Amino acid sequence: MTWIRRGMGPALMLALGLIALLGEARAGDPRSILRDGEHLTFEVTWMGFRAGTATLESRGLSSLDGQPAYHLVTTARSSPFISRFYPVDDRSESYLAADPFRSLWFGKHLREGRYRHDSQTVFDHAGGQVLFRYFDFSRVPREITSLAEAERYGEYVEQRFPLERHALDELAVLYYMRTLPLQPGQVYRAHVFASRKSYDLEVRVLKREVLDTAIGRRDTLVV
């Protein structure tokens, strides 16, 4: 795997998460990967070198503003060698309402080379809108990466957008897809709001495939 500019997009995260799709959690209640917690760690390589690690984690059922929600976290960090010339320190968090499935809050913190991004997305389902709040780094000196220090120079910008019913963020949609009874030949859809854009995500399940991996032979789905 290689780094993707400005964070791992939905397609990459979906591919990573589906690697474990046919694990023991699928044998029983598919929501167990959310309720009981799961931590996946991936090694990232670049031209044969260890470039860093990426993680996908479900931290179980919690609460946000009085609503039961699953807390989801993904990170990507570069190795000490790669960090010398292209440091990466990314973290995204999502709160996914338990019933019905829909996003409540999504936060993104990205540091990739000279690129900096911090934002929060609040899903107001009752009001039918989404609040996207991001930090404007345009006047912040390049050497400053800490958000606390950057706040001395920049400011937050707020934008509002229409919200589709049961919309999901780019991390929550991965876990939502994993709770579905995916079958080869079928197409599954979900509505996503991510980075000021609203769109329908389509997942096509092509076939089953057995792969030989470092942890043995595993049943997988090609999507």
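Val130 stands opposite Phe161, a residue of β8. Keep in mind that this is a predicted model. The strand that pairs with β8 here is β7, residues 129-136, and eight bridges join the two. They run antiparallel.

Now the sheet as a whole. Eight strands make up an open sheet, and the pairing is antiparallel. The order is β1-β2-β3-β4-β5-β6-β7-β8. At the edges are β1, residues 38-46, and β8, residues 155-162, each of which pairs on one side only. From one strand to the next, the twist averages 15°.

Is Lys108 buried or exposed? Lys108 has a relative accessible area of 11%, and the cut-off for buried is under 20%, so Lys108 counts as buried.

What does Lys108 touch, leaving out residues up to four places away in sequence? The list is Arg91, Ser92, His117, Asp118, Ser119, Glu170 and Ser195. For Glu170 there is also a polar contact: the side chain of Lys108 meets the side chain of Glu170 at 3.1 Å.

One further distance for Lys108. Glu93 is 15 residues from Lys108 in sequence, and the C-alpha to C-alpha separation in space is 6.6 Å.

Methods: Residues are numbered from 1 along each chain as its sequence is written. This is a predicted model: local features need pLDDT of at least 70, side-chain atom pairs count only at pLDDT 80 or more; totals for chains, interfaces and linings use all residues. Side-chain values use heavy atoms; hydrogens and water are left out. Two strands pair if DSSP finds at least two bridges between them. Helices (H or I, at least four residues) and strands (E, at least two) are DSSP runs, numbered from the N terminus. Axes are lines fitted to C-alpha atoms, for helices over the stretch in contact, and angles run from 0 to 180 degrees between N-to-C directions. Buried means under 20% relative accessible area, exposed over 50%, partly exposed in between (1.4 Å probe, protein chains only). Contact means heavy atoms within 4.5 Å. A polar contact is a pair of N or O atoms within 3.5 Å; within protein, one must be able to donate a hydrogen and the other to accept it, and residues adjacent in sequence count only if both atoms are side-chain atoms.
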